[in-house]
Amino acid sequence: MCGIVGYSGPNNSVGPIIEGLSRLEYRGYDSAGICLKINNELQILKKEGKLDNLKSLIQEKKPFSHIGIGHTRWATHGAVTADNAHPHGNELFAVVHNGIIENAGALKKELQKEGFEFKSQTDSEVFLVLLTKFFKESKNVLSSISKAFSTITGNSAFVIIEKQSDKLYCLKRSAPLVVGDNKETREAFVSSDPFALVGFAPRIYFPEDSVICESSVNSSEVTIKFYELNLTPSNRYKIQGNAMSVDITSKGPYEHFMLKEIHEQPYLVEKLAAYYIKDEGRKILDQLVNFKTDCWHITACGTAWHAGLVIKNYLEQINRQRASVEIASEFRYKNPIINQKEIGLFISQSGETADTLACQELCKESGISSFAIVNVEGSTLYRNSDKNFLIHAGIEIGVASTKAFTLQVLTGYLMSRSMKSSLDDPKLFIELKLLSTRISELCSESDKIKKIAEKIYHQKGFIFTGRGKYFPIALEGALKLKEIAYVHAEGYAAGELKHGPIALIDEEIVNIAIIGPELFEKTISNIEEVKARRGKIVVIGPDHNAEIEHLSDAYLGLNFEGLNDLSPLYVNVALQLLSYHIAYLKGTDIDKPRNLAKSVTVE
Ligand code: F6R
């Protein structure tokens with residue numbers, strides 16, 4: 001979603017702001033802007049489209065300013081135009097915003113009646129106008145920020161600069177926002193993501209909700225102050241070092257981050273296995289020995305929800321414990337039945353997904369413990385959980401999630417195994433090592449998958465099918481393809497095809513059929529039905545099988561031997577590569593697909 005970067009210090013703010021926004025580009029956006037205080041005026045430059053458009057404008061104007069705020073916008077209220085791009089500013093303040101002001105419509109009407117004018121169609125400008133109105137009444141910046149923030153509803157983060165000082169102000173409600181400083185260089189920063197501040201701010205502050213942060217820099221020091229909304233000093237924030245390195249932003253030898261991240265999986269699988277079985281992570285899993293709950297309420301969105309579906313199978317099949325998996329945006333509004341001996345399990349790469357966070361809140365209010373399978377340490381989900389199971393995927397830059405899915409499922413698998421029997425079982429480590437090897441083999445045979453992609457990339461629609469433990473993989477395969485190749489793709493349980501979707505089948509449709517060694521004959525019958533209706537058949541199934549060879553238009557043979565419960569992950573990597581090659585042939589923007597955002601911080 002929207003990216004935010006702010007700077008105050010002795011240098012030209014343009015450099016760190018633009019560098020920070022470039023690092024956040026992967027999250028998805030459709031316009032960009034910057035506000036700089038120059039000669040005591042707030043000057044705003046905004047452009048529709050890619051950050052490069054804004055960079056060209058900056059190149060032309062060559063502005064210099066010691067304080068500024070920048071923003072990449074992912075449109076919610078109002079079309080993608082330069083007017084609607086952030087920052088929004090007037091003669092007193094400039095504001096950038098991430099999130100949604102839910103009561104913006106009503107507030108705007110009232111403010112218009114009072115004579116205030118609006119330059120954009122955004123909800124964000126409502127905050128600017130409220131702030132201005134309260135400031136004109138009180139002449140006090142902090143109290144005006146507090147009052148404006150208390151007037152709006154919904155989840156949001158704001159950064160504010162003002163004409164009369166060189167201070168950066170920010171605050172948030174259930175939206176990501178961090179503050180950073182560098183005491184040596186006397187610089188202060190604000191961002192929606194600590195990643196934007198890597199190499200700039202060695203120290204990161206994580207303010208809690210509704211805490212106003214005021215950063216100021218003078219010739220001898222940088223000062224960061226925190227206030228409650230009643231303007232008393234606040235200690236509701238955490239401090240952490242920023243240990244990330246800038247190198248992680250490189251694609252290495254790969255053409256896309258997505259491909260790089262697919263290829264990182266063999267190494268990451270082994271690293272995660274070592275962490276949870278042999279190293280520090282073992283202490284965390286050992287706490288689960290003999291752990292039982294009446295029901296696991298798993299909630300997540302998108303790919304993470306698919307990971308939840310695989311994990312549910314583990315909890316039910318390995319542990320015989322009940323698990324419900326729900327899409328977070330559904331769970332939060334369904335008045336769910338939650339009993340005291342149950343557990344909330346939240347799965348999220350970013351740890352900032354608004355709907356997943358709302359489910360966590362709901363479970364906490366119901367008095368049950370909250371566990372998280374999460375990638376970003378220090379994220380809101382991480383901070384609000386009773387127990388965290390980190391997936392250690394490193395930063396995932398490709399908008400379409402690949403390695404995070406694999407490691408989410410693997411973490412769930414290890415949790416499930418630790419509840420069942422000792423993790424010292426040498427077979428477990430061998431099984432995980434085998435998964436890593438098989439994924440590595442798949443990556444090195446990527447050309448084979450590319451050849452399949454060449455046969456089918458021009459087809460009109462794709463139906464992914466799988467049974468049992470491969471059904472979630474069919475859903476995930478279809479999601480990946482539609483995200484990055486912009487083609488219609490759906491995932492179905494193989495047995496469900498004849499209950500409706502089969503009406504879609506003709507020669508323009510491809511059935512990507514996942515066939516595991518289990519329920520083999522039944523799944524073969526399903527593809528016979530598709531073939532009889534002239535659909536194209538691509539099978540991902542056990543290798544060296546003459547029957548499949550005969551039935552399919554293209555066939556990727558896999559070696560399932562010894563993978564047992566981990567085979568869905570193996571198959572999924574084949575589908576990740578297939579989607580990648582199809583998208584490549586179609587020439588789409590693979591790392592930053594249109595309309596998508598990496599971390600969905602609004603409902
Ligand atoms: C798909 C994808 C999304 C995310 C979803 C949840 O490739 O990346 O479907 O999985 O938006 O995001 P997180 O895991 O950050 O909560």
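The following legends describe close-up views of a predicted model.

**Figure 1. The eight-stranded open sheet.** Eight strands make up an open sheet with antiparallel pairing, arranged in the order β3-β2-β4-β1-β10-β9-β11-β14. Its edge strands are β3 (41-48) and β14, each of which pairs on one side only. On average, and with direction ignored, neighbouring strands of this sheet are turned by 15° against each other.

Figure 2. Helix α1, formed by residues 14-23, lies across β1 (3-8), β2 (31-38), β4 (67-73) and β10. The helix α1 runs at about 160° to β1. Helix α2, formed by residues 51-61, lies across β2, β3 and β4. The angle at which α2 runs to β3 is about 135°.

**Figure 3. Strand pairing around β9 and β11.** Strand β9 (residues 178-182) is joined to β11 by three bridges, and the two run antiparallel. In this pair, Asp-181 stands opposite Arg-203 of β11. Strand β9 also pairs with β10 (residues 187-191), in the antiparallel sense and over five bridges. Here Gly-180 has Phe-189 in β10 as its bridge partner. Strand β11 (residues 203-207) is mostly covered, with four of its five residues buried. Five bridges connect β11 with β14 (residues 237-241), again in the antiparallel sense. Within β14, Tyr-237 is the bridge partner of Pro-207.

**Figure 4. The six-stranded open sheet.** An open sheet of six strands has the order β5-β6-β7-β8-β12-β13, with antiparallel pairing. Strands β5 (88-89) and β13 (222-227) stand at the edges and have a single partner strand each, so one side of each is left without a neighbour in the sheet. Strand β12, residues 212-217, pairs with β13 in the antiparallel sense over six bridges. Across this pairing, Cys-213 stands opposite Phe-226 in β13.

**Figure 5. Helices α5 and α4 on the six-stranded sheet.** Helix α4 (residues 124-138) lies across β5, β6 (93-99) and β7 (156-162). Its direction runs at about 140° to β6. Helix α5 (residues 141-151) packs on the sheet and touches β6, β7, β8 (168-173), β12 and β13. The direction of α5 makes about 20° with that of β8.

**Figure 6. The largest cavity and its lining.** The model contains two cavities of 30 Å³ or more. About 90 Å³ of space lies in the largest of them. Its lining comprises 14 residues, of which Cys-2, Trp-74, Thr-76, His-86 and Gly-99 lie nearest the centre. Strand β6 provides the largest share of this lining, three residues. By class, the lining of the largest cavity divides into four nonpolar, eight polar and two charged residues.

**Figure 7. The second largest cavity.** The second largest cavity holds about 30 Å³ of space. Arg-467, Tyr-470, Ile-514, Ile-515, Gly-516, Glu-518 and Thr-523 line this cavity. Three of the lining residues are nonpolar, two are polar and two are charged.

**Figure 8. The second largest pocket.** About 800 Å³ of space lies in the second largest pocket. Of the 39 residues that line this pocket, Cys-301, Gly-302, Thr-303, Glu-483 and Val-600 lie nearest its centre. The elements giving two or more residues to the lining are α9 (302-317), β17 (343-348), α11 (354-365), α16 (471-485) and β21 (488-493). Helix α16 supplies the largest share, six residues. By class, the lining of this pocket has 17 nonpolar, 14 polar and eight charged residues.

Figure 9. Ser-418 is located in helix α13, which spans residues 403-420. The relative accessible area of Ser-418 is 3%, and buried means under 20%, so Ser-418 is buried. With its neighbours within four places in sequence left aside, Ser-418 is in contact with Leu-285, Leu-288, Val-289 and Leu-423.

Note on methods. Residues numbered from 1 in each chain as written. Predicted model: local features only at pLDDT ≥ 70, side-chain atom pairs only at ≥ 80, totals over all residues. Heavy atoms only, no water. Pairing = 2+ DSSP bridges. Contact = heavy atoms within 4.5 Å. Axes fitted to C-alpha atoms, helices over the stretch in contact; angles between N-to-C directions. Buried < 20%, exposed > 50% of the residue type's maximum accessible area, 1.4 Å probe, protein only. 1 Å grid on protein atoms, 1.4 Å probe; cavity = no way out; pocket = protein on both sides within 12 Å on 5 of 7 lines; lining within 4 Å. Points joined across faces, edges and corners; volume = space filled by probe spheres on them. Nonpolar A, V, L, I, M, F, W, Y, C, P; charged D, E, K, R; others polar.
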